[in-house]
Amino acid sequence: MVSWFKALSKTRSVLGSALQGMVSDGVEVDERSLEELEVALLKADLPPRLVAELVMDLEENQLHGDSTPADVLKESLKRNLKLSDKDPFDFDHSPACVLMLGVNGAGKTTTCAKLAWRAKKQGRNVMLGAADTFRAAGTEQLRMWGETLDVPVVSGRQGSDASAVAYDALDAAHARGADLLFIDTAGRMHTKDHLMDELEKMVRALKKRDENAPHATWMVLDASLGQNSLNQARIFHQSVPLSGLILTKLDGSSRAGFLFNIQKEMPGVPVLFSGLGEAKEDLVPFDAKAFLDGLLKAGDDDEG
Ligand SMILES: Nc1nc2c(ncn2[C@@H]2O[C@H](COP(=O)(O)OP(=O)(O)OP(=O)(O)O)[C@@H](O)[C@H]2O)c(=O)[nH]1
Ligand SMILES: [Mg+2]
């Protein structure tokens, strides 16, 4: 299993010596080191407004406070992390249906499988719906995961109606008494409008089986795409309101500060899980302390 510390090594190295110097105790906060820090934070994709606030907090503390720059920075960042202590898998409905959205290649299919594995490990009765009928390989990929994880997968033929597959999957989840159903969807269509129409149609189909479905819509965002991912999330949110976000590929990204950007720009939509690697156990609930340590702590990359 990949640790947060290891996964965040690329972002940590962007923050580099500017940050590492400032966060070690006893380092004087002067104008130059503040400037260096500002540049490093922006490179790591933290939102400019937050960066300005952080710099102000540090300046303020230098004049009046007695805590170290490390404490100030950590506290300021922590205040900007919105956390939910609710288990994302706890729903009032059973079966609860989670519609998984995201652009092509973001990690939807893999994330569906990882979520299924995690929920199953908690003792939940899980099913998967392969509603990416756009590509034959999409369905096949999820079916293979289903076999590996021993989780039933409802699928249709390539080119068949994705909404019909979604409906069938929810129907099967009811019939088999499943607790949770994750529905994988296509990320690519001929046009963006086509994709959104398809997703809205899928929601209508699910509601025919259960008026409360989908009980959650989680969007998978590739962390390495930074601001682009956020723009995509906004477009999806307009068509199918999102209830949670999953940030994949944090391990390959040097822009993990993007997480603050998401929380600032989409305050009502929590980041529920993060992908720290490709293996099934590498999708983990968001851990604020590990995240901040992974960004700010100086030290050996093999730690943790
Ligand atoms: N390193 C790393 N790789 C990941 C992570 N999540 C997904 N991947 C990889 O990203 C690639 C694409 O993942 P998929 O799950 O196929 O993406 P998708 O969104 O379903 O793609 P389409 O169905 O083509 O739209 C795969 O090689 C995954 O193993 C992660 O958190 N870390
Ligand atoms: Mg896929």
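1. Start with the ligand: 19 residues surround ligand 1, and the closest are Gly-107, Thr-109, Thr-110, Gly-187 and Gly-275 (a residue is near a molecule if its C-beta atom, placed from the backbone, lies within 6 Å of it). By class, this shell has one nonpolar, 12 polar and six charged residues; here Ala, Val, Leu, Ile, Met, Phe, Trp, Tyr, Cys and Pro count as nonpolar, Asp, Glu, Lys and Arg as charged, and the others, Gly among them, as polar. Helix 6 (residues 108-121) gives the most to the shell, with three residues.

2. Bear in mind that this is a predicted model, where local features need pLDDT of at least 70 and side-chain atom pairs count only at pLDDT 80 or more, while totals for chains, interfaces and linings use all residues. Residues are numbered from 1 along each chain as its sequence is written, with chains lettered from A and ligands numbered from 1 in the order in which they are written.

3. On the overall fold, the protein chain has 12 helices and eight strands (DSSP runs, H or I of at least four residues and E of at least two, numbered from the N terminus). Its C-alpha trace spans about 65 × 35 × 35 Å along the principal axes. Buried residues make up 44% of the 304 (buried: 20 or more other C-beta atoms within 10 Å of a residue's own; exposed: 12 or fewer; partly exposed: in between; C-beta atoms placed from the backbone).

4. The largest nonpolar core has 86 residues, and Cys-97, Val-98, Ala-166, Leu-181, Phe-182, Ile-183 and Leu-245 have the most contacts inside it (a core is a set of buried Ala, Val, Leu, Ile, Met, Phe, Trp, Tyr and Cys residues joined through C-beta atoms within 7 Å). Helix 8 (residues 162-175) gives the most to this core, with seven residues.

5. Helix 8 has the buried residues Ala-162, Ser-163, Val-165, Ala-166, Tyr-167, Ala-169, Leu-170 and Ala-173. Their cover includes strand 1 (96-101), strand 2 (126-131), strand 3 (153-155), strand 4 (180-185) and helix 9. Just after helix 8, Gly-177 takes a positive phi of about 65 degrees.

6. Cys-97 is worth a look: leaving aside neighbours within four places in sequence, its contacts include Leu-170 and Ala-173, along with Ala-213, Pro-214 and His-215 (contact: C-beta atoms, placed from the backbone, within 7 Å).

7. Asn-212 sits in the loop between helix 9 (192-209) and strand 5 (216-222). Asn-212 counts as exposed because it has 12 C-beta neighbours inside 10 Å.

Technical notes:
Contact = placed C-beta atoms within 7 Å.
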